Amino acid sequence: MSTLSIRNATPADCKIILEFITELAIYEKAEDQVVATTEAIRKNLFDESTTTKAVICCSECRPIGFAVYFLNFSTWLGKNGLYLEDLYISPKYRGLGAGKKLLKHLAQTALENNCGRFEWNVLDWNEPAIKFYESIGAKAQSEWVGYRLDGDSLLQFAKT
């Protein structure tokens, strides 16, 4: 049985974080959308002004996955929430409990920060992830529809 551990990511992890991001994008059939670089990750995850954090999951001290998260705010609760942007475990290490360990670590982080919620999104076709999330008691928020402005749409709207 492999020993799993979770640690805070450091600037030295930028290369492996980018590798995990690329693996995730390949899985989601969106590799062409990855424009992140190790420098962008270094600046935006580790700059002293950032509000985004990352953790690394290790098996026998070897990085096997990661999670990126940040605190958001619920006006209705009047307190922060923890928002999970990405969670990824390399395929050959799935089934060891690493995903559950990462989620549990983030749930504990949410409680330590007095968060009222722990939220994330999942692609509607990702049945293995949906089943996994439901198995730990997470509930789909089907009444909410996500919207996004990005690229040219964001640029054009901001300029009008």
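**Helix packing and aromatic contacts in the predicted model**

Arg94 lies over the face of Tyr27, 5.5 Å from the ring centre; a charge is taken to sit over a ring if NZ of Lys or CZ of Arg is within 6 Å of the ring centre and within 35 degrees of the ring normal. A second case is Lys29, whose charged end sits over the ring of Trp125 at 5.9 Å from its centre. The model is predicted, with local features requiring pLDDT of at least 70 and side-chain atom pairs counted only at pLDDT 80 or more, while totals for chains, interfaces and linings use all residues. Residues are numbered from 1 along each chain as its sequence is written, and side-chain values use heavy atoms, with hydrogens and water left out.

Helix α1 (residues 14–27) packs against helix α2 (residues 38–46) at an angle of about 105°, and their axes are 9 Å apart. Helices (H or I, at least four residues) and strands (E, at least two) are DSSP runs numbered from the N terminus. Axes are lines fitted to C-alpha atoms, for helices over the stretch in contact, and angles run from 0 to 180 degrees between N-to-C directions. The two helices α1 and α2 are therefore roughly perpendicular to each other (65 to 115 degrees). In this contact (heavy atoms within 4.5 Å), Cys14, Lys15, Ile17, Leu18 and Ile21 of α1 meet Thr38, Ile41, Arg42, Leu45 and Phe46 of α2. The residues of the contact comprise seven nonpolar, one polar and two charged; Ala, Val, Leu, Ile, Met, Phe, Trp, Tyr, Cys and Pro count as nonpolar, Asp, Glu, Lys and Arg as charged, and the others, Gly among them, as polar.

Seven aromatic pairs are present in the structure, a pair being rings of Phe, Tyr or Trp (its six-membered ring) with centres within 6.5 Å. Because Phe70 lies in strand β3 (residues 62–74) and Tyr83 in strand β4 (residues 79–89), the pair ties together parts 13 residues apart in sequence. Phe70 is partly exposed, at 26% relative accessible area, whereas Tyr83 is buried at 15%; buried means under 20%, exposed over 50% and partly exposed in between (1.4 Å probe, protein chains only). Phe132 and Tyr133 also form a tilted pair, at 5.6 Å centre to centre and 50° between the planes. Phe118, Trp120, Phe132 and Tyr133 form one aromatic cluster.

Notes. Parallel < 35°, antiparallel > 145°, perpendicular 65-115°, else oblique. Phe/Tyr/Trp six-rings, centres within 6.5 Å; stacked < 30°, edge-to-face > 60°.
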